[in-house]
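The sequence and structure come before the details.

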There are 2 protein chains.
Amino acid sequence: MTTYTAPLKDMQFLLREIANIDAISQLPGYEEATSDVVDAIIEEAGKFASGVLAPLNWSGDCEGAKFANKQVTVPAGFKEAYKQFAESGWVGLSCGTEHGGQGMPKLVSAAVCEMWRSSNISFALCPMLTVGAVEALELVGSPELKETYLPKMISGEWTGTMNLTEPQAGSDLAAVRSRAEPQADGSYRIFGQKIFITYGDHDMTDNTIHLVLARLPDAPEGVKGISLFVVPKFMVKADGSLGERNDAYCVSIEHKLGIHASPTCVMAYGDNGGAIGYLVGKANEGLKYMFVMMNAARFFVGVEGLGLAEVAYQKAATFARERVQGRAIEGSAGNVPIIKHPDIRRMLMEMRSRIEAMRAISFWSAGMDDIGRKHPDAQTRKTHTAIAEFMTPIVKAWLTETGNEMTYLGVQIHGGMGFIEETGAAQYMRDARITTIYEGTTGIQALDLIGRKTSRDGGATLKAVLAMMQETVGDLGKLSGADFARMAAALKDGIASASKAGTFVAEGLAKTPREVAAGAVPFLRVMGLLCGGWLLAKSAIAAHAKVVAGDTDPFYPAKITTARYFADHAMTGISGFAAEVVAGAESALALDDAMF
Amino acid sequence: MTTYTAPLKDMQFLLREIANIDAISQLPGYEEATSDVVDAIIEEAGKFASGVLAPLNWSGDCEGAKFANKQVTVPAGFKEAYKQFAESGWVGLSCGTEHGGQGMPKLVSAAVCEMWRSSNISFALCPMLTVGAVEALELVGSPELKETYLPKMISGEWTGTMNLTEPQAGSDLAAVRSRAEPQADGSYRIFGQKIFITYGDHDMTDNTIHLVLARLPDAPEGVKGISLFVVPKFMVKADGSLGERNDAYCVSIEHKLGIHASPTCVMAYGDNGGAIGYLVGKANEGLKYMFVMMNAARFFVGVEGLGLAEVAYQKAATFARERVQGRAIEGSAGNVPIIKHPDIRRMLMEMRSRIEAMRAISFWSAGMDDIGRKHPDAQTRKTHTAIAEFMTPIVKAWLTETGNEMTYLGVQIHGGMGFIEETGAAQYMRDARITTIYEGTTGIQALDLIGRKTSRDGGATLKAVLAMMQETVGDLGKLSGADFARMAAALKDGIASASKAGTFVAEGLAKTPREVAAGAVPFLRVMGLLCGGWLLAKSAIAAHAKVVAGDTDPFYPAKITTARYFADHAMTGISGFAAEVVAGAESALALDDAMF
């Protein structure tokens, strides 16, 4: 049902022109990530996504994960695909080389992980969670824990999970109640129930390694009393072989709107005497470590929005070219493919331009993160990390909200067929719906953006990003033609709107937190649209240079048109969202609770 | 799962203050529709919706319509509920009194039908289609056909269907291939397959009356060769009793994203010798008649968007008041209900204000239609009908697009619980997804708006509506306070944007059809937001008058706040959409088909 072709050309363009892979491959530790090597990696990933994962996407949705006899089984084909995925080394692509990973930059993961998400998001969730768990162990695990777990998690032999929330807690981890009782041997017994645990149980591997938030007996209340524990499904003996079944069981799985093939588990720890676990890092610092994992996961959830939009676009474009229906509005001898109808074209351009904007944001942000991690100069690391962190909520929330809108359009282009499940367009929309919710809702991302990312540094990082954009306005001004003039005007107006809204946020949050918070999501929309328009404009400038240099590939003029479309049709929304930020709080907050 | 309380207060307010029920009940034929009677009707309808239909909404979704042995069965409880619905006289509420209907204005239907759609859209589709078929028969059926079919359809003893599209046709009815062979006795034998036939078969009533588009042997090609036929499931004898089974069968039902309880049938006519049918009206004029039915249906599909948004809002507001999670951003002693969080408030206000705007549009447009039908003065009928027809694509498309956005927000407010099917929020989103597609997609509505409704009369109707809005700007200017000033400014700016975009459309469509059509949907968005903002502003003025008159009901200040919110947060988008209309075509249409 799902067919998918990796957008290699756009990825290769962005790697070079926007994310600067050549500079990143100069950084210590990333020397192997030359553009040639990365090209080869993403080509292989594209083949795997199209050939192995995409064919299981629809069948996985229909069959769904199943729960019976205290055990989850994944849909047909998933186990074999996972084995192949692990054996090809895809799990550990970005993991440290010390324990068997390939140590590739995040930029490469951004490209490759988009493909997993386009071709089979339900499948992709499993390695994403594993890598999150690996990162936490790499960061603060003891040498013993690292030795025991990392090689097999990085190789994909075992998978990992993140156990955060509980029925009463939702997004509020301060409310976590699971408890950990210290044992004489230095281990702990874990007791508690966790919900919404992705791949909390499955039959693709021999073992599953749970990272679990719980409270020690003497822990303070709230977020400062939460510790992180490793809890394996099967105990691991000293020789690395598997021992007894641990007291960590899936007790049910959820009946969800989408991602049916991905089991969302209710996990019971310690119903039979206590699940044996091991403290990761320091006591009471668990939430901090979880946030490290979660920030990484947030970026890749953003990429889910992009990946689903891309595959929905491919399906819709194919349908629009093939489906013959109605005459052309300007007159035609017979019926025409619906792609000839202006409104279908508009929707396809809407999808195309938003997708290219999303991808540019994803790649550029990942590149910032890589420089922030590996650059030899501390100040450069600091400024780039600040930008990468500033972008995280934008990537998470704007890409997923936009992903939902685009999969919605994908259904619309199919007309009545889009509503029929067998067409497959609706699955992308269903699958996308969780992406604005898990790993922190759009509202939570927006609070992160206005608080930790904008207000905390007095708007300094925002200003640095806007200054980069201002440079691009100058660059656009050096080029002739209506396309670049329009982009320059849209970008200039957008910067002015964002600057005004950003000042309002940075200066107002401490004084009038409710009023500023009411505009958090509109502010995030301003930034998403503006960052997207900016990076598309930069892309257009780079594409123009190729055209001037005599490259006749139609990809380049199309990139310019797509950027122009975004200026004409997407950036037109920025001033309205900015007005909501600076002047919308009063009416948003005025009514009494009882009136709703 | 679904709980629903009819929004009687807002409806009663709109009936009186926006749609002017008192004037409508003065019109010949609507004398019984006094405000007291209408109040009683909508109260009864509200009870029926909450007590009978809402309890079957979730169970109907889970069970779904079933097809086996050439027969469709509806979910448990539907048959009994339908019987009760028919016996209460709800089917024929707006049908002519000549054959047993109650002859109520469309305005009353708008209110009542919203409730059916909120409480159980899958159920509501069956009587909606019946009423559409009734209207076609009332309009052009022979006295014999009317006598045979109308009384039992209007009483609800039998149901009706609309059989338009075929696999190769989609929205393009010119491509219809079903054929009708004249018989010696004046009847016809119908042959062909029809798809997407809502309630094409079911077990709630003894008979189903199909209205079917087909071609006579000598019919011209295209839309001018399509005739309309009545094809009963069971033949009707001279004494009115049922005779033989007709050769009209459901052969399969679709597996859909939503409206699971509503069977969407593939219908086979004439597989066993020909389905006996009777010509309705004149030969080759079938499409014209169908459009009469379809225009009526389009209005009520728009109301589906509103109804689903309303019930999604009620569910989300209840959840937001009850779900305790996280501290208040300004600080709080303990955790607070999530309605205290500003972004949740913003989403609830977004839902509330868009819903009230949608309902105002629905009621006002229905009232225009009623005056257009029954006013004694021909010129008044003409101008009001023109406005009602102008509003039809706006009601259909803007209310359904907005309904989708609002059910999406309903899921979002529920967080992770929203993605779990048992919560019920996701069902509204799934059910809403068809509303922008069937009875003409949003793109088709937008073409209707720019073509038949705007360009054809040189923009005269648009200008008449904008002139009414301009009067409201004047009225707002007479009131003091920031709320009214803001509404006036937003309305004034919106009128200017719409005027500019409307002129572009009216003057440009004939000369540059592709360029204008590329902006059709953005133009429809301009008009939806502007009409909504206008009618909310009018509502606010009326509410203010109540406050000034000493009415202390908090409904009135809340109405003013809600209108202000819409001006601050929704009308802010108008200028951007208008810019897309007037300056967006070039980039929308520039790329070659092969580039997608």
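**Strand pairing in chain A**

This is a predicted model. Strand β7 of chain A (residues 227–232) pairs with β12(A) in the antiparallel sense. Three bridges link β7(A) and β12(A). Within this pairing, Phe229(A) has Leu279(A) of β12(A) as its bridge partner.

Strand β5 of chain A (residues 188–198) also runs antiparallel to β12(A), joined by three bridges. Here Arg189(A) is partnered with Ile276(A) of β12(A).

**Burial of β12(A)**

Strand β12 of chain A spans residues 275–280. Six of its six residues are buried, so the strand is largely enclosed by the rest of the structure.

In a regular strand, side chains alternate between the two faces of the sheet. In β12(A), Ala275(A), Gly277(A) and Leu279(A) point one way. Ile276(A), Tyr278(A) and Val280(A) point the other way. Both sets are buried.

**Helix packing in chain B**

Two packed helices are described by the angle and the distance between their axes. Helix α9 of chain B covers residues 342–374, and helix α17 of chain B covers residues 555–569. Their axes come within 9 Å and cross at roughly 105°. Angles of 65 to 115 degrees count as roughly perpendicular, and α9(B) and α17(B) are therefore roughly perpendicular to each other.

From α9(B), the contact involves Met349(B), Glu350(B), Arg352(B), Ser353(B), Glu356(B) and Ala357(B). They meet Thr562(B), Tyr565(B), Phe566(B) and His569(B) of α17(B). By class, the contact residues are four nonpolar, three polar and three charged.

Technical notes:
Residues numbered from 1 in each chain as written. Chains lettered and ligands numbered in written order. Predicted model: local features only at pLDDT ≥ 70, side-chain atom pairs only at ≥ 80, totals over all residues. Buried ≥ 20, exposed ≤ 12 C-beta atoms within 10 Å, placed from the backbone. Helix = DSSP H or I, 4+ residues; strand = E, 2+ residues; numbered from the N terminus. Pairing = 2+ DSSP bridges. Axes fitted to C-alpha atoms, helices over the stretch in contact; angles between N-to-C directions. Parallel < 35°, antiparallel > 145°, perpendicular 65-115°, else oblique. Contact = placed C-beta atoms within 7 Å. Nonpolar A, V, L, I, M, F, W, Y, C, P; charged D, E, K, R; others polar.
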